[in-house]
Amino acid sequence: MDTSRRNKWLAWAVAAVIFVVLMLVTPAIPQNEDYHDFADQRTLFLGIPNTLNVISNIPFFFVGVTGLILCHYKDYFRLSSQGELWSWTLFFAGVTAVAFGSSYYHLNPNDATLVWDRLPMTIAFTSIMAIFIIERVDERAGAKSLAPLVIAGALSILYWSYFDDLRPYAVVQFVPCIAIPVMAIVIPPMYTHSSYWLWAAGFYLLAKVEEAADKPIYKWTHQIVSGHSLKHLCAAMVPVFLALMLAKRTIEPERVSLLNKWKVNWVTVRESYSKDRSAVNVDCNYAAVSNTSEQ
């Protein structure tokens, strides 16, 4: 076994050990039943309970279906491998399924319906991780990791539903939230327009803030819209930005990380600022000499 392959297996083994240790040393996290008590529970039209929380999932359907079509229509996204094709297909399929799963949950919020809300989200989270491994680490390893990651995500939902323990699901949801922005900044990309990943991460972070501030936002908007409804709209912007990235990007000829680009830009700005200040000082000194001579 070569060194590169051995290091990959070692990385997966270390990750598995860390997960097992965390499961042993941390207490179980049960589902808080207050989670289902959303601020906006109005039935506004067509007899749909929790109307805005239900219909605010519609954008997921249109964005997901559009992404699925463009993945396979005349190679519109110019995906360079089967691993990328399957990973992006699963991602947009997960986004599409969120529209149905989340709507079903919000019609009657409880633990049983919440399973169908979270299951498609785990498909999207885990397929995105596989995509990042393909693009930033190793194409072959990323393609091979797709199925295990998606299965692990589904198992985390089953584990929670049977044992009322959210720890595995928390790992599936929040590890990508941390790892993807960090990898997008630090690791050189295969494609251009890498900054779109950060826009997507920013909208997801905003969605989580709105979710946490569900009731305060409902109060601040005078019972017009709740934080959870806005959370759906912001979360739907994540696949929008990723689809735009796929449509615009090309192969990156010089693989330079965003961090290094920012460093170069910062140095350029500082040098430009220093030159401007030097020019101003020279002009001021010249003016002073000229005034003295005239006197």
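Mentor: The face of H8 turned away from its buried side carries Trp-199, Leu-205 and Ala-212, which are exposed. This is a predicted model, and what follows should be read with that in mind.

The buried residues of H8 are Tyr-196, Trp-197, Ala-200, Tyr-204, Ala-207, Lys-208, Glu-210 and Glu-211. Seen down the helix axis, these buried residues fall within an arc of 160 degrees, and therefore line one face of H8. The cover over the buried residues of H8 includes helix H4 (82-107), helix H5 (111-137), helix H7 (167-186), helix H9 (214-220) and helix H10 (227-248).

Trp-197 is among the residues with the most contacts inside the largest nonpolar core, along with Trp-88, Phe-91, Phe-92, Ile-128 and Leu-242. That core has 50 residues. At least two of its residues come from each of H3, H4, H5, helix H6 (139-163), H7, H8 and H10. H5 gives the largest share, 11 residues.

Cys-71 takes us to H3, where the buried residues are Phe-60, Val-63, Gly-64, Gly-67 and Cys-71. They cover an arc of only 100 degrees around the axis, which puts them on the same side of H3. H4 and H10 are included in what covers them. For H3 (residues 58-72), 15 residues at 1.5 Å each should span 21 Å, and the end C-alpha atoms are 22 Å apart, which agrees. After H3 comes Lys-74, with a positive phi near 50 degrees.

The UniProt record, an unreviewed entry, places "transmembrane region" at residues 54-73, 85-106, 118-134 and 146-163. In the model, residues 85-106 are 100% helix and 0% strand, with end C-alpha atoms 32 Å apart. Residues 146-163 are likewise 100% helix and 0% strand, and their end C-alpha atoms lie 26 Å apart.

Definitions and conventions:
Residues are numbered from 1 along each chain as its sequence is written. This is a predicted model: local features need pLDDT of at least 70, side-chain atom pairs count only at pLDDT 80 or more; totals for chains, interfaces and linings use all residues. Side-chain values use heavy atoms; hydrogens and water are left out. UniProt positions are given in the numbering used here, feature names are shortened, and annotations may be inferred rather than shown by experiment. Helices (H or I, at least four residues) and strands (E, at least two) are DSSP runs, numbered from the N terminus. Buried means under 20% relative accessible area, exposed over 50%, partly exposed in between (1.4 Å probe, protein chains only). The arc is that of the directions from the helix axis to the C-beta atoms. Contact means heavy atoms within 4.5 Å. The expected span of a helix is 1.5 Å times one less than its number of residues. A nonpolar core is a set of buried Ala, Val, Leu, Ile, Met, Phe, Trp, Tyr and Cys residues joined through side-chain atoms within 4.5 Å.
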